[in-house]
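Trainee: Could you walk me through this one? I would like to start with a pair of strands and then move on to the helices.

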Amino acid sequence: MNVLEIRELTKKFGEFIAVDNMSLTVREGEIFGFLGANGAGKSTTINLIASLLRPSSGDIRILDRDIAKHSRFTKMNLGIVPQDLAIYKDMTAYENVSFFTGLYGLRGAELRERTEEALKFVGLEDKMKGYPKNFSGGMKRRLNIACAIAHRPKLIIMDEPTVGIDPHSRNYILNSVRKLNEMGCTIIYTSHYMEEVEEICSRLAIIDHGKIIAEGTKEQLVATITDVKEIRIELKKGSDNLLGILRGIPGVRNVDMKEQTIRIFCDLEVDNLGLILKALIDQDADIRSVEEQEPNLETVFLTLTGRTLRD
């Protein structure tokens with residue numbers, strides 16, 4: 001069964017086309033990764049699914065019902081975990097979840113049960129009377145999730161749910177995503193952390209300039225990339241000015257740095273490792289290790305869009 005169907009969806013803002021004739025299907029039981037760099041059209045698509053925007057053309061169906069004609073049905077079966085926290089800092093955790101769950105028509109004992117159930121699920125049962133203004137970033141993110149799941153939706157969209165939090169909280173949220181999926185929820189997951197997508201998503205789509213440019217399992221997408229190699233160089237010390245120098249080397253498509261590790265994406269047929277190492281040595285970079293990586297989802301994303309996911 002298809003939980004979400006998008007058919008020839010287009011959204012224009014004046015002359016600008018944010019979503020361009022998009023068609024997409026998400027099947028029941030999937031954790032579906034939806035990837036795009038900033039400005040690719042990902043957030044606009046999510047807002048269209050959530051009925052926060054009206055499409056210029058095309059249609060969206062959730063559980064085989066047109067969301068434009070069945071707004072209440074859509075509301076009851078859709079949960080949104082937005083990237084920007086949607087909680088009230090001066091209301092308790094319990095009051096936050098109860099308020100948002102009450103918007104779905106739940107009242108009385110059922111409302112109390114669902115609120116407590118959601119807070120327990122995200123590990124905040126001992127913080128029910130606490131105020132989000134006193135919570136850590138990870139606790140706020142977990143409360144954000146509780147507000148979106150208490151009405152037990154069939155489809156949950158999680159838009160960057162781990163942004164800006166510590167590794168422990170990130171692992172907690174990823175485990176929560178898995179548990180929700182095991183409980184029968186279908187999940188659309190967006191992230192700028194490719195390792196998260198590789199870890200939890202069963203299938204994914206890449207969007208660029210408002211179009212779906214690739215779709216499939218991780219293995220299917222990686223299998224399409226045959227002309228790119230990735231070189232990882234770990235430094236004891238380095239600086240951002242190295243990136244611009246490396247980008248100017250023949251055969252280099254893109255470069256990024258995370259902590260002290262430089263990732264260089266190159267044309268497979270160009271033998272440029274000597275030039276890369278010489279450039280680093282000329283800049284007094286202290287090299288700890290050099291390793292050539294097998295193609296992965298990051299390689300796929302760069303090859304198809306010309307950008308890394310965090311760009």
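Mentor: Gladly, and please keep in mind that this is a predicted model. Strand 12, which covers residues 252-258, runs antiparallel to strand 13, residues 261-267, and six bridges join the two.

Trainee: Which residue of strand 13 does D256 stand opposite?

Mentor: D256 stands opposite R263 in strand 13.

Trainee: And how many residues lie between the strands in that hairpin?

Mentor: There are two residues between strand 12 and strand 13, and in this hairpin E259 takes a positive phi near 55 degrees.

Trainee: Okay, helices now. How do helix 4 and helix 5 pack?

Mentor: Helix 4, residues 108-121, packs against helix 5, residues 137-149, at an angle of about 145 degrees, and their axes are 9 Å apart. Helix 4 passes helix 5 in a right-handed crossing.

Trainee: Which residues make the contact?

Mentor: Helix 4 contributes A118, L119 and F121, while L143, A146 and I149 come from helix 5. Sorted by kind, the residues of this contact are six nonpolar, no polar and no charged.

Trainee: What about helix 3, is it largely enclosed or left open?

Mentor: Helix 3, residues 93-102, is largely enclosed by the rest of the structure, because seven of its 10 residues are buried. The buried residues are A93, N96, V97, S98, F100, T101 and G102.

Trainee: So what covers them?

Mentor: The cover over the buried residues of helix 3 includes helix 4 and helix 5, the two helices that pack at about 145 degrees.

Technical notes:
Residues are numbered from 1 along each chain as its sequence is written. This is a predicted model: local features need pLDDT of at least 70, side-chain atom pairs count only at pLDDT 80 or more; totals for chains, interfaces and linings use all residues. Side-chain values use heavy atoms; hydrogens and water are left out. Axes are lines fitted to C-alpha atoms, for helices over the stretch in contact, and angles run from 0 to 180 degrees between N-to-C directions. Helices (H or I, at least four residues) and strands (E, at least two) are DSSP runs, numbered from the N terminus. A crossing is left-handed if the near helix is turned anticlockwise from the far one by less than a right angle, and right-handed if clockwise. Contact means heavy atoms within 4.5 Å. Ala, Val, Leu, Ile, Met, Phe, Trp, Tyr, Cys and Pro count as nonpolar, Asp, Glu, Lys and Arg as charged, and the others, Gly among them, as polar. Two strands pair if DSSP finds at least two bridges between them. Buried means under 20% relative accessible area, exposed over 50%, partly exposed in between (1.4 Å probe, protein chains only).
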